[in-house]
Amino acid sequence: MRLKGKIAIVTGGGGGLGEGICLCLAREGAQVVVSDLDRQLADTVAVKVGEIGSRSLAIKTDVSREDEVKMLVDQTIQEMGDLDILVCCAGISGYSNREASSILIEDLPVEQWDETFAVNMRGVFLCNRTAAPVFRKKNQGRIINIASIAGRKGSEMLPAYSASKAGVISFTQSMALQMAPHHVNVNAVCPGIIYTPIWERGSQVLAKVHPLFAGSGVGPKEALDMVVQTSIPFKTYQTPEDIGKAVVFLASEEAREITGQALNVCGGMYFS
Ligand code: NAD
């Protein structure tokens, strides 16, 4: 019960990793506000948090909208009484709504670039920006931004996604410096590959357009399995709970001297 009585917001809390994070926080005694663009997903995870014995609240939020992010923080404080931990997990690959024709940069629609940055980068900015005064006033708080191993290094298949996640790592460092005088720890987590809905779609694109697989007849899941086998030294997918446990650690007293860091949870896929 390392987080007993703490109140946490998890954006994208209805998604694959978000759910793992919410459940891990709840198992450590945190009360969890499950925020997601998809209200139904948020409701489902909030029920699961309740079953663990923690108080929970589901809120529909589009993290790219300033008014909705403000409502999220205001409603959390009104209904839960406080805010101690902010986890920014909402994110998109950029492939969700469009057919990808190739990996060439000229085939990356400008709208797809903007959409990816609106959620992955602007969303993290807006949530950090809105929670910062709350934490500053209390002289305590924890912010954990979910970046990606893709933000450590460019990616031929996901240029917009990689750049947005590199932005999250850099922004996390800036926030850590700003919030340090107020005893607020700001860190990022860089997950490797977890088979969630983001990859159900991503693996279809991978199999269809990546030069290693295009036209080879290799199916989406098989292609992703091959990437895991060849690029992750442990040769295994990570799980939502692996990420949840890292978030719990960064939110706990044990991480009191850790700020401005990006923690890779990726089976050795990247060293930093
Ligand atoms: P997911 O698609 O399962 O979950 C993402 C969630 O974010 C969904 O529930 C979705 O409804 C929500 N969302 C999308 N747009 C939103 C918006 N505008 N406002 C609020 N919520 C929104 O994907 P996931 O794998 O759980 O990814 C979660 C985070 O982890 C993302 O930031 C992703 O980039 C990051 N990540 C995932 C992996 C992986 O392998 N799955 C690896 C590295 C990083």
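1. A word on terms before we start: a residue counts as buried under 20% relative accessible area, as exposed over 50%, and as partly exposed in between. Glutamate 19, with a relative accessible area of 22%, is therefore partly exposed. Please keep in mind that this is a predicted model.

2. How many salt bridges does the structure hold? The count comes to 13. In general, side chains of opposite charge can pair when their charged atoms come close.

3. Glutamate 19 has lysine 48 as a salt-bridge partner, with 2.8 Å between the closest N and O atoms. This pair links distant parts of the chain: glutamate 19 sits in helix H1 (residues 16-27) and lysine 48 in helix H2 (residues 39-52), 29 residues apart. Lysine 48 is partly exposed, at 32% relative accessibility.

4. Arginine 65 and glutamate 68 form another salt bridge, where the closest N and O atoms are 3.7 Å apart. Is each partner buried or exposed, or in between? Arginine 65 is partly exposed at 39% relative accessible area, whereas glutamate 68 has 16% and is buried, because the cut-off for buried is under 20%.

5. Helix H7 (residues 220-231) contains both lysine 221 and aspartate 225, which lie 4 residues apart, about one turn of the helix. Their side chains meet in a salt bridge, at 2.9 Å from N to O. Lysine 221 is partly exposed at 34% relative accessibility, and aspartate 225 is partly exposed with a relative accessible area of 28%.

How values were computed: Residues are numbered from 1 along each chain as its sequence is written. This is a predicted model: local features need pLDDT of at least 70, side-chain atom pairs count only at pLDDT 80 or more; totals for chains, interfaces and linings use all residues. Side-chain values use heavy atoms; hydrogens and water are left out. A salt bridge is a side-chain nitrogen of Lys or Arg within 4 Å of a carboxyl oxygen of Asp or Glu. Helices (H or I, at least four residues) and strands (E, at least two) are DSSP runs, numbered from the N terminus. Buried means under 20% relative accessible area, exposed over 50%, partly exposed in between (1.4 Å probe, protein chains only).
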